[in-house]
Amino acid sequence: MSDIKALDRTYIANTYARFPVHLVSGKGSLAWDVEGKEYIDLGSGIAVNGFGISDEVWLKAVTEQLSRLPHASNLYFTEPGAKLAEMLCQRTGMKKVFFGNSGAEANECAIKASRKYAAEKHGADCYTIVTLENSFHGRTLTTLSATGQAHYHELYQPLTPGFTHIPAGDLDALKALAKQTKIAAVMIECVQGEGGVVPLDAHFVHGLDTFCKASDVLLVVDEVQTGNGRSGQLYAYMNYGIQPDIVSTAKGLGGGLPIGACLLGEKVKDVFAPGDHGSTFGGNPASCAGGVSILSRIDEALLQGVRERSQYIFDQLTGAKGVESVSGMGLMIGVKPVKPAREVVGKCIENGVLCLTAKDRVRLLPALNIPMEQLEKAIAVLKAALAE
Ligand SMILES: *Cc1c(COP(=O)(O)O)cnc(C)c1O
């Protein structure tokens with residue numbers, strides 16, 4: 001065991017079941033461990049390093065900003081956050097952006113915006129937010145309460161009240177609930193990521209959209225994992241042709257630095273007044289400068305590349321030996337193996353490929369621009385591990 005593994009186990013809180021790899025550096029879709037072993041990265045630090053590790057354009061944007069003004073606080077105007085917010089709004093049709101530092105904070109803002117809008121418009125008893133079973137919305141107590149998975153709830157009672165979970169696909173459950181309870185918002189992931197890489201059915205999403213518009217219920221889309229090019233469109237909701245009222249995003253937006261963004265649409269754009277919400281690090285200039293360098297390169301050519309790589313992975317793995325099924329969208333792919341997923345991931349690590357799990361699936365979240373040659377090599381390693 002290397003010293004760092006021992007140090008980590010002694011002093012870092014015991015919340016992560018880490019894989020036995022001590023990474024020290026990386027470039028693009030390659031990473032190296034402390035012994036100099038090379039890995040092809042199909043995980044991107046959980047959908048964060050969208051253009052690979054330490055991407056040159058991102059690095060330049062971030063380091064230039066770091067040398068000028070790494071942090072200023074939200075007491076003053078700074079350029080990168082304003083530019084990133086403008087780009088986000090222009091690309092989505094949303095109207096205003098609140099920046100935090102993580103996916104959970106982006107969702108926390110979405111929840112606060114929903115509650116304030118609904119209370120002001122429909123009364124103090126209109127606060128219920130409906131989310132889906134098997135969803136994942138974050139680890140703060142409130143975003144955990146939004147998360148529709150009982151095993152996350154058990155340890156932390158009492159949870160934040162005001163959340164109800166319905167099965168994905170069950171529009172009737174929502175309509176029945178609406179007869180008994182005032183509903184402020186419905187919050188969904190278009191592809192449930194931590195829940196096993198499960199895309200929502202298009203009929204259901206359209207049904208939700210129609211229901212929400214007709215009843216003035218806010219439609220909130222959690223694009224923390226699916227966003228920023230990962231689905232093959234800039235945001236996954238764009239694959240469904242809907243226009244949400246609120247979009248939260250994080251992970252890939254920063255390209256490797258912490259950031260979260262809550263995009264507020266027409267209905268909720270003016271819901272907050274000064275003092276209603278805030279974050280010391282939110283809109284950090286270095287993170288936002290990185291975000292600008294990422295978002296400005298997620299263009300149609302890049303997205304086409306995402307869809308082609310996606311098709312390649314689906315073609316290679318669908319029906320392959322040891323594979324029960326393949327699910328997902330764009331470069332967010334879940335492979336249900338015959339063997340336990342964690343065993344397959346362990347074998348891949350042995351053979352120089354980093355991938356993840358989600359529930360009973362092997363989860364692939366490669367960089368959006370992973371070179372085809374590296375992708376082909378990594379998928380061959382994965383196929384061998386699945387077939388064994
Ligand atoms: C990762 C994730 C979150 C939480 O993001 P953090 O940055 O870890 O707080 C929320 N929602 C979804 C869909 C996620 O995948």
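This is a predicted model: local features need pLDDT of at least 70, side-chain atom pairs count only at pLDDT 80 or more; totals for chains, interfaces and linings use all residues.

**Overall fold**

- The secondary structure of the protein chain consists of 13 helices and 17 strands.
- With a radius of gyration of 21 Å, close to the 21 Å given by the globule rule for 388 residues, the protein chain is as compact as a globular protein of that length.
- The C-alpha trace extends over about 60 × 50 × 45 Å along its principal axes.
- Of the 388 residues in the protein chain, 53% are buried.
- Among contacts with a separation of 6 or more, 71% are between residues 24 or more positions apart.

- S135 is located in the loop between β5 (128–132) and α6 (141–146).
- The relative accessibility of S135 is 1%, so this residue counts as buried, the cut-off for that class being under 20%.
- A polar atom of the S135 side chain lies 2.6 Å from the backbone oxygen of L132.
- The side chain of S135 also reaches the backbone nitrogen of G148, at 2.9 Å.
- Leaving aside residues up to four places away in sequence, S135 touches A146, T147, G148, Q149, E189 and Q192.

**Backbone geometry**

- Most residues other than glycine have a negative phi, and most peptide bonds are trans.
- The peptide bond from Q157 to P158 is cis, and its omega is near -5 degrees.
- P158 belongs to the loop between α7 (150–153) and β6 (163–166).
- N134, although not a glycine, has a positive phi of about 75 degrees.
- N134 is placed in the loop between β5 and α6, and its relative accessible area of 23% makes this residue partly exposed.
- I46, likewise a residue other than glycine, has a positive phi near 60 degrees.
- I46 is found in helix α2 (residues 44–47), where its relative accessible area is 36%, so I46 is partly exposed.

Definitions and conventions. Residues are numbered from 1 along each chain as its sequence is written. Side-chain values use heavy atoms; hydrogens and water are left out. Helices (H or I, at least four residues) and strands (E, at least two) are DSSP runs, numbered from the N terminus. The radius of gyration is taken over C-alpha atoms; the globule rule is 2.2 Å times the number of residues to the power 0.38. Buried means under 20% relative accessible area, exposed over 50%, partly exposed in between (1.4 Å probe, protein chains only). Contact means heavy atoms within 4.5 Å. A polar contact is a pair of N or O atoms within 3.5 Å; within protein, one must be able to donate a hydrogen and the other to accept it, and residues adjacent in sequence count only if both atoms are side-chain atoms.
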